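Keep the sequence and the 3D view side by side as you read.

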Amino acid sequence: MKDFSLVPAGAGAGKTYHIQKTLGEWVESGRIAPGRILAVTFTEAAAAEMRDRVRGELMARGRLGDALEIDQAYMGTIHALGQRLLTEHAFAAGRSPESRLLSEPERDLLIRLEMTRCTALEPLMADLDRFGYEWNHATQTSAEDGFRADVLKTVDLIRGLGARGLSPDIVTPALTALTEGYGPVEPDGAALTAALRRSVRDLLDSFPDNLAPLFFEKKTVRDEFAKNHSALRRADQPGVLEKDWALWQKLRALRQTKRGAPTPEGYDGLAQAVMDAADALSRHPGPLDDAQAHITALVTGAQQVLASYENAKRRAGLIDYADMIAETERLLCTRPEILGAVLGEIDCVVIDEFQDTNPVQFALLWRLARQAKHALIVGDTKQSIMGFQGADPRLTEALQAAHPDSATPLDRNWRSDPRIMAMVNALGPTLFDDYNSLSAQRPETGETTLEVLHLPKGRKDTTAECIAGRVADILEAGTQVCDKTSKEMRAVQPGDVAVLTYTHKKASAVAAALEAHGLPVRIQQDGWLTAPAMRAARAALALAADPDDTHAALTYLTLGPPRMPLEQALRNAVDGVLLTHAALEPLRALQDGVATRPVADTLADVLCMTALRDWAAGLSQPAQALADLARFEAEAQEFDTMEQDLRAATGFHGAGVQVFLGWIAHQTAKDWDSHPSPDGWSASGVEICTWHAAKGREWPITVVAGLDQTIAERPGTLRADFDGFDDLDSVLDHAGLGYLPKFAAPESQEPFTEARRQEDERDAARKLYVALTRARDRLILVMPRERSKPRENAERMVDLLRDRAGFDTAAEALTVAGQAFAARVAEGIPDEPESPEVDNTTSHPRFGEPRARLDTPRTPWRRSPSTLIASHPAPTAAIDTVELANGVADTQHASATERGTAWHLAFRVLAARPEMADRLKAATGLADTAITQIAAQARALTSWLADQGYETLHFEMPFQETTADGSEVNAIVDCLAEGPQGLLIIDHKSGPCPDPASRFATYQPQLAAYAAIVRRHWPDKPLRGVAIHWMSEGTLSFGHAPVEEPA
């Protein structure tokens, strides 16, 4: 390496300009030929920009011939470089020169197929809940989904380590760290489990009922005891304590007597015994054994899946993006003659965004750079935030440490207002050990540059509303910004504003709040398949394949370009003439040959003949609609080139239009339903994106939200680790895996969390730096309140700013690292925009003919007799009440609904199927005493009914009717007794009944409704009356005369 330069380039420092100037000087001085440049970037857009700027630089230097020769240079992405080298040296790499690139859906499908055959994963798949896989309410994903996601992430992780990723000992460092960090354990875990089970059994034997009903008026206390009882009952189930370590942790904190909420005598002592036994959790070997078994099976399984996946690809002549890097690195490592041939064709190596390399990418690029005649490596470890993609900033930091004399940092900033840069320069040294200040080169705008928007107090998250209100105010006020092209001040436009959130969920909330203010937004959201343009296009394509598809015709004619009124379309469908509509003729004409043509060709004809693009351009969000259709065409092209065996493996056989429509509707990839970016269609609006997506971009006004994001790594995460960075030339040989476990016991988890804390804070600092350096003219910080609970360390992004830099605000200033900066400081106002009043007399032409709404009484569309109560106090009913047996005393169920459901089920079983009584405890959660009491009532009631001549009992009789006014009546009669002389309705009630006559009267409307229904269904049998079975009292009340049907 004759000429090597490392260039740390901070945000807005002009790194591309530096590359442009450096290459221009090298070409002009004769050190390199323009056609022998190897320049690597990470995006196609960056590569195109670099080529254009270097060409322009050479033309500016009067070197027209060199500018033309630049087209012969290689300037592209690292993946394109790998594919080029693998193609040129295909036989040496053991690959076909015409390997086809796998699409992402194909890749995921092929890996999923190999997962189903992987024996190493079977121990995890057989007991997912043991290893922490369960239903995720936040993401609405199943345990199986979470498990597959972990396997896929592990596959990607070990692929990022090249050939080293398949080494059987790669997981050894993680297992060793687990053992050392967990601490000493008891030799006999079974004895600890048995001791806890005994203490749980002792408590339940003495107090089998839930204590929650004793504290009915104290919700917090009631809920605690209910949760405790649920945990105790689960712990009493066989096999649970052997694997549910989170349950052990719950049993360590049972509620006991507290002021105002005393427990029954003896309870506290037994509860303390349970807690003492559960305190052995941190010494139990089970959690450690499960953690080690988990990562061993996960890594070994991922290695098996990867090996099988690689073999399957080679047999089919396929290649994916990871192959382009890993196989190229292995080729250059094992075949020095090929490396020499590659280096013989180039004069220099230029690498941009070097800090975002994962281990195998680093190994490949460093192998080329360190042996090139000239090398220029540009990057900024402060902006390395792509760790979720495997990027490891420690590699670039080690490279800079190993070559300090080659580092020439850029020291100027061309992006931000000087006052913003002054704040960033004050903050930088508090976040980073080695921070180089950047000198701002822009003049001040004269406008406010720093804002702090304090979020309101309270539990409700009003971040989105506060941001939307402030952005609306800024746009309405015509705030001035500096035009990047003209350098002149002008009024702000929606496209000048960006809101940066940490998560996609928060981004969607901000988008909704901005749209409520009537502001245009740009955001990548879900809903691609169900967007209006896509629904119309899918329907049109379905009609081209099957002109008799009435549903597709309805969708296309009413939603698509024809704009047919829905009422008219439905009437035509009923009359059988819908499919003769003139707008369907062009689609009908496409039917011939559809079965044999590529789907992409058919779709192109459909879009052309229906003018769907022109129609989409007139929708409320035309840019997004056009982008949606463009992606639809791209997916059709991918489908046409996909291996049929892969489609068949998921149940989609064939390659026609209808198979394609089914295939796109059933994809389950994480971002499958996301709208494509509308950038190519020149959309304009307030841009909303995540911190990660904002990297490399800039806006005149940037709103930074997400400062309440926690900084700790998610437990259960695997990552690449190294035993050192002294040998960067062979860095992959020193790679291993690190693991952050998820132990239920806080004292077991703490050592691992603490060991990770420093790296977590470094990662958070890098993310903060990226987010805070996107603004050109105005930076708005959305500041969460300090939490009331004391903390020892930084837990959120904002905590790091306050702890490290002393972030604080006064009336008109923001203090950072002891320096005061002029700022607009305000309280966020979550007021939503006022909605215009709706005139109820106006017409509503959305369905049918436009006409004013009739002022007629409304009736419910569905009725249930059980919801009817007397609207006025009813006269006391003339009833007889008989004693059946002792009342039911149930303390298991605090909820009246749960209690009623359990009692009804128990009564039905005990009256109709008494031989199944032994199953009731597990099915209802009732105590043995309650089941015994209900059984006594069941025997007494059936005996009484038999004495009255009712020989047949119908339980839980369902009825459904449609009344004259069109409403639907749904009813379930608890018990209908039938005898030769007629019928008797019996309704069970589980609530207390101190005064049967008064309570009976309140249920008269419900009983009358039941009576009317029964009379209509049994017109030949008289209804002799109705009765209510008061289960909590053990009594039965019945009227003297039949209940008459109300008029």
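The paragraphs below go through ring pairs, a ring cluster and charges over rings.

This is a predicted model. A search of the whole structure finds 20 aromatic pairs. Start with Y133 and F147. Their ring centres are 5.6 Å apart and their planes stand at 80°. Planes over 60 degrees apart count as edge-to-face, so the Y133 and F147 pair is edge-to-face. Where do the two residues lie? Y133 is in the loop between α7 (122-125) and α8 (143-159), and F147 is in helix α8. The pair therefore ties together parts that are 14 residues apart in sequence. Y133 is buried, with a relative accessible area of 7%. F147 is buried too, at 4%.

W1018 is partly exposed, with 21%. Buried means under 20%, so W1018 at 21% is not counted as buried.

Rings can also join into a group here. F207, F215, F225 and Y267 are linked by ring pairs into a cluster.

Last, look for charges over rings. R631 lies over the face of W528, 3.8 Å from the ring centre. R899 places its charged end over the ring of W903, at 6.0 Å from the centre.

Key. Residues numbered from 1 in each chain as written. Predicted model: local features only at pLDDT ≥ 70, side-chain atom pairs only at ≥ 80, totals over all residues. Heavy atoms only, no water. Phe/Tyr/Trp six-rings, centres within 6.5 Å; stacked < 30°, edge-to-face > 60°. Helix = DSSP H or I, 4+ residues; strand = E, 2+ residues; numbered from the N terminus. Buried < 20%, exposed > 50% of the residue type's maximum accessible area, 1.4 Å probe, protein only. Lys NZ or Arg CZ within 6 Å of the ring centre and 35° of its normal.
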